[in-house]
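Biologist: I would like a close look at one part of this structure. Please pick a strand, take me through its surroundings, and then step back to the rest.

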Amino acid sequence: MRIYVLAFMSAAISCCYSQEHAHGRLDSVQHVREVVVVSKPSGRDVVPAQRLNGEQLERLGSYSVADAMRYFSGIQIKDYGGVGGIKTINVRSMGSSHLGVYYDGVELGNAQNGQVDLGQFSLDNVEEIALYNGQKSAIFQPASDFGNAGSVYIRTKAPSFAAGKPYNLKTKVKYGSSGEVWSFSSLYEQRLSSAVSSSVSVGALTATGKYKFRYRRSNTDGTTAYDTTAVRQNGDMWAIRAEANLYGMMNGGNWMFKAYTYNSERGIPGAIVNNVWRRGERQWDHNTFFQGSLRKEFSERFSSRLTAKYAYYDTHYVNNDTTTMLIDNYYKQQEVYVSLANVYEILKGWSASVSYDFKWNKLNSDLRNFVFPRRYSHYVSVATAYDGKVVKVQGSLLGTFVKDNATNQAGRSAVSMVTPAAFVSVYPFSSPAFALRAFAKKSFRMPTFNELYYTEVGNASLKPETAIQYNLGFVLSTDSGPSWLGRLSLQADGYYNTVHDKVVAYPKGQQFRWTMLNLGRVHIAGVDVQAQADIRPARHLGLSARLQYTFQQAHDVTSPSLSYYEDQIPYIPRHSGSAIIALSYKGLDFNYSFIYVGERYSQQENIPVNHVQPWYTSDLGLTYRVRIGKVEARFAVEVNNLFSQDYDVILNYPMPKRNYAASVEITI
Amino acid sequence: MWNKAYKSVMKKAIFILMAALAVAACREDELVIPSDTQDTGGNSVGGSIVGMYVLCEGNMGTNKASVDYLDLSGNGSNVVYHRNIYPERNPTEVKELGDVGNDIKVNGNRMWMVINCSNMVVVATADSCRKVAKIDIPNCRYVTFDGAFAYVSSYVGPVEVGGTEHLGRVYKVDTASYKKVDSVTVGYQPEEMAVLGGKLYVANSGGYLLDHREKTVSVVDLASFTEEGKIEVAPNLHRLRADRHGRLWATSRGDYWTEPSRLFRLTLDAAGTSASVDTLDIPVSDLCIVGDSLYYIGVEWSYETSSNKIGHGIVDVARAEPLASSLTSAPEFSDITLPYGIIVNPEDRDFYVMDAKDYLSSGQLYHFRADGTFEWRVWTGDIPGHAAFVYK
């Protein structure tokens with residue numbers, strides 16, 4: 001049974017092209033994490049995720065989780081440039097607040113703005129990033145996990161020890177020429193007993209944020225109208241991160257505890273506009289959270305998982321540019337989260353789950369007339385799954401009850417919603433190699449504290465924003481070919497999403513003041529395609545290719561009276577895609593990655609003045625791995641934006657030209 | 001058997017993916033943004049006004065301030081509207097007109113544009129919109145003229161004595177050399193200015209003050225260029241215009257909560273340093289005085305209906321009383337989402353209303369005849385709010 005499950009998993013995790021590596025390094029703890037969960041149908045995904053694992057992430061040479069997410073299909077990124085620039089992601093054009101981001105199984109909440117800045121999450125310690133459309137279609141999970149339109153699960157490395165060696169130490173230093181970034185990270189793992197192990201991961205980063213960028217325009221006759229190169233200013237930053245983990249096993253279960261802290265200061269470089277090439281905004285972030293989970297199998301049929309978290313986010317924002325309004329405000333967010341998930345196997349292959357989550361959020365600020373909102377959320381989910389040879393189905397219902405309290409305001413009416421989801425995979429040839437899949441899901445997001453309560457702008461009577469998704473696709477994969485042919489896989493999905501009651505800023509009264517209204521409506525039709533091939537043409541030689549393409553038609557259908565009715569919504573490219581080609585020979589790895597983002601518009605109206613050109617970058621990486629005695633060393637060099645394309649992801653936020661990076665990693 | 005099928009499907013799939021990536025458009029040379037032209041369908045009537053510039057603010061950070069030109073030079077021919085002419089006329093200007101255009105005035109054969117978030121005033125030829133000078137003034141707001149000098153209000157002045165807030169400042173600029181020759185400290189966040197009897201009056205908004213304690217108009221003696229005093233009017237002043245009777249008209253934005261937006265008439269004393277204030281219970285966003293008629297538009301937010309209430313009309317300047325409670329009964333006026341600027345032809349009294357829509361997309365310019373008949377509308381750049389006539 002377990003062996004079959006592993007085989008199934010490797011087929012299902014079709015995006016991992018170095019599974020051999022991963023499996024080779026599986027340790028007891030990971031076995032617990034992977035196999036126990038996976039061996040029950042309730043732990044298996046009906047529709048698999050897109051994944052990138054640690055090995056691939058290392059080769060891509062990215063700094064942050066957001067950089068890596070660019071290689072997933074269906075994802076759109078907003079990147080304000082530079083190592084400190086805000087990076088948020090959006091799945092299938094539904095808006096970043098509809099995407100849940102999970103760090104080692106617990107959601108990274110941001111009741112104030114909707115989404116955390118993924119640029120703040122380092123890749124140094126990440127074992128895997130997985131993207132699920134709809135939801136993670138395994139029913140044994142917390143209730144709130146059923147609540148998003150899409151979810152990203154970031155999983156950090158769990159300790160693994162070779163026989164007779166109770167500790168591991170890994171240290172990495174990297175320098176990047178763009179923004180003069182120095183980053184240092186270290187991971188220490190220690191086995192404490194046969195059942196308990198620990199790890200401590202620390203990281204530090206400094207950058208001047210200075211990089212060259214170029215703006216130019218041509219006349220219609222081809223002559224240059226203007227051509228100017230400048231250096232990005234006020235993008236300096238430093239950040240330190242520390243994370244400590246304890247992992248334990250017990251009879252029929254396991255537990256984990258994590259403490260995480262991130263402390264940073266950064267300049268906000270701002271938009272480049274005529275006559276303004278430097279700004280004076282700064283931000284300090286201090287984010288700390290503690291989370292723990294406990295999973296216990298009470299019988300062959302019944303398992304429970306208890307999860308808890310406390311988070312404290314402190315942001316201090318200062319604008320000391322004397323040409324604009326001076327600002328000095330703090331925002332302090334707190335979150336308490338508790339979840340109990342239970343699953344029961346009713347018959348062989350048929351299981352059901354019930355979960356309950358409670359979440360409490362609070363925001364304090366020294367903004368004038370601030371109302372200090374507190375939010376109490378309750379989530380209850382019921383789900384069932386059937387895992388057959390030919391058909392796998394899952395259905396879930398999530399009830400959400402949210403009540404806010406705020407000072408000096410009649411408490412806004414509570415929100416209660418029931419949202420369903422259904423997933424099905426069909427294996428018509430009774431083989432795991434080919435599956436048709438479909439899902440339909442309704443979900444919603446609560447308006448953020450800023451949208452509801454920000455002094456003067458917020459509108460406390462906002463309704464939740466709803467998303468409805470329909471998806472149909474297939475996956476084709478094999479790893480049973482001749483020995484030189486590793487795995488081949490192809491996945492394609494077509495989908496239609498609608499976003500209702502979208503929260504939009506609306507002019508209020510005279511002279512440039514705003515409020516928030518549930519006015520927007522968006523219809524999205526899209527296609528995601530991924531193909532992957534791993535080939536071993538000769539001994540020691542490996543070749544893998546991963547291609548991904550996304551089509552998005554995301555039309556604003558708010559009102560026929562608007563000039564942008566049925567226009568593509570801002571910053572959503574119609575076409576985007578990426579390619580990664582990796583070549584390995586003994587200890588040498590070569591990686592080429594290419595990203596394409598098609599033309600898009602910087603504002604609602606699809607008119608020439610709002611048109612933003614496509615951009616595409618090629619990055620090269622070369623890694624050499626060598627073992628000297630007990631020490632393994634890894635040397636890497638990268639060239640990013642090889643052809644030195646001058647581009648903006650967000651209008652007036654220029655991205656770096658060609659740049660270089662080098663790193664050394666030592667593992668003892 | 002499976003393998004064969006896979007290989008063929010895979011080959012095709014990879015080919016299709018490659019093809020998809022290949023057909024996806026490549027970058028092209030970034031061209032100077034071209035202007036475009038729309039026939040309004042209206043007829044030119046001759047006269048001394050040959051055109052009108054419309055300055056569109058563009059949203060902060062977008063660098064999309066733009067200037068449009070309405071060509072009224074013909075006599076009987078169709079009136080044509082040219083959108084976004086600045087980049088084409090000034091192709092070497094790095095990053096075009098800049099970020100957030102806040103004021104435009106024509107002075108002789110020069111056109112002055114105050115580009116707020118680009119911290120500069122751009123001077124261009126009035127007949128062809130070609131840049132002749134740039135004057136760096138931080139957070140500049142409005143411009144007005146007297147004799148050989150331009151006066152530019154700026155939010156950025158010295159920090160108040162014993163406090164932390166920045167007072168505002170008015171810069172004096174030589175209109176021949178385009179050099180800043182002097183400056184004077186005024187109240188908090190000064191907006192519009194008006195010249196009367198050798199004095200410059202400055203409406204101080206206090207827009208950055210959280211307690212709305214600024215309520216004054218600064219009086220600056222032009223000969224000595226010093227602030228002589230302050231006249232208390234209301235919180236958050238914005239517009240300030242002189243009428244032909246030697247009085248001042250001011251508007252306030254209110255505090256957006258208990259204090260509403262209002263219109264005020266200031267009757268100055270002989271010295272010009274104090275005034276009696278008449279208050280009209282009319283919210284005003286923009287106004288234009290022609291003869292004894294003060295044309296206004298106003299928008300007020302209703303918390304009850306979560307919608308904007310739009311007002312417009314004419315005030316009799318001599319009697320300080322409403323003359324008409326509407327500018328027009330044309331049904332087209334109700335299409336205006338957010339009236340943001342108004343300008344009246346001083347000769348024929350036909351008028352133009354600028355609709356800023358949702359501030360996030362193209363605006364519209366509406367033209368009405370003197371009797372209020374709707375004539376035409378055209379699309380403008382983002383957030384049209386300021387206009388100036390060009391004379392022969």
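Modeller: Start with a term: two strands count as paired if DSSP finds at least two bridges between them. Keep in mind that this is a predicted model.

The part to look at is strand β27 of chain B, residues 362-368. Six of its seven residues are buried, so β27(B) is largely enclosed by the rest of the structure. Here, buried means that 20 or more other C-beta atoms lie within 10 Å of a residue's own.

Now look at one neighbour. Strand β26 of chain B covers residues 351-355. β26(B) and β27(B) pair in the antiparallel sense, over five bridges. One pair to find is B:Met354 and its bridge partner in β27(B), B:Leu365.

Next, follow the chain onward. Strand β28 of chain B spans residues 374-382. β28(B) runs antiparallel to β27(B), and six bridges join them. B:Leu365 turns up again here: its bridge partner in β28(B) is B:Val378.

Now step back to the nonpolar cores. In soluble globular proteins, nonpolar side chains tend to be buried together. The largest nonpolar core here has 105 residues. B:Tyr53, B:Val121 and B:Val152 touch the most other members. Take B:Val121. Beyond its neighbours within four places in sequence, its contacts include B:Trp112, B:Ile135, B:Cys140 and B:Val152. Another core, of 81 residues, lies apart from the largest one. Among its members are A:Ile89, A:Phe121, A:Leu205 and A:Tyr549.

Last, see how the chains meet. In all, 61 residues of chain B are in contact with 55 residues of chain A. On the chain B side, α1 (2-23) and β22 (293-302) each supply at least two residues. The largest share, 10 residues, comes from α1(B). That side of chain B divides into 31 nonpolar, 19 polar and 11 charged residues.

Chain A also carries a record. An unreviewed UniProt entry lists residues 49-141 of chain A as "domain: TonB-dependent receptor plug". Over residues 49-141, chain A is 13% helix and 31% strand. The end C-alpha atoms of that stretch are 15 Å apart.

Terms used. Residues are numbered from 1 along each chain as its sequence is written. Chains are lettered from A and ligands numbered from 1 in the order in which they are written. This is a predicted model: local features need pLDDT of at least 70, side-chain atom pairs count only at pLDDT 80 or more; totals for chains, interfaces and linings use all residues. Two residues are in contact if their C-beta atoms, placed from the backbone, lie within 7 Å. Helices (H or I, at least four residues) and strands (E, at least two) are DSSP runs, numbered from the N terminus. Ala, Val, Leu, Ile, Met, Phe, Trp, Tyr, Cys and Pro count as nonpolar, Asp, Glu, Lys and Arg as charged, and the others, Gly among them, as polar. UniProt positions are given in the numbering used here, feature names are shortened, and annotations may be inferred rather than shown by experiment. A nonpolar core is a set of buried Ala, Val, Leu, Ile, Met, Phe, Trp, Tyr and Cys residues joined through C-beta atoms within 7 Å. A residue is buried if 20 or more other C-beta atoms lie within 10 Å of its own, exposed if 12 or fewer, and partly exposed in between; C-beta atoms are placed from the backbone.
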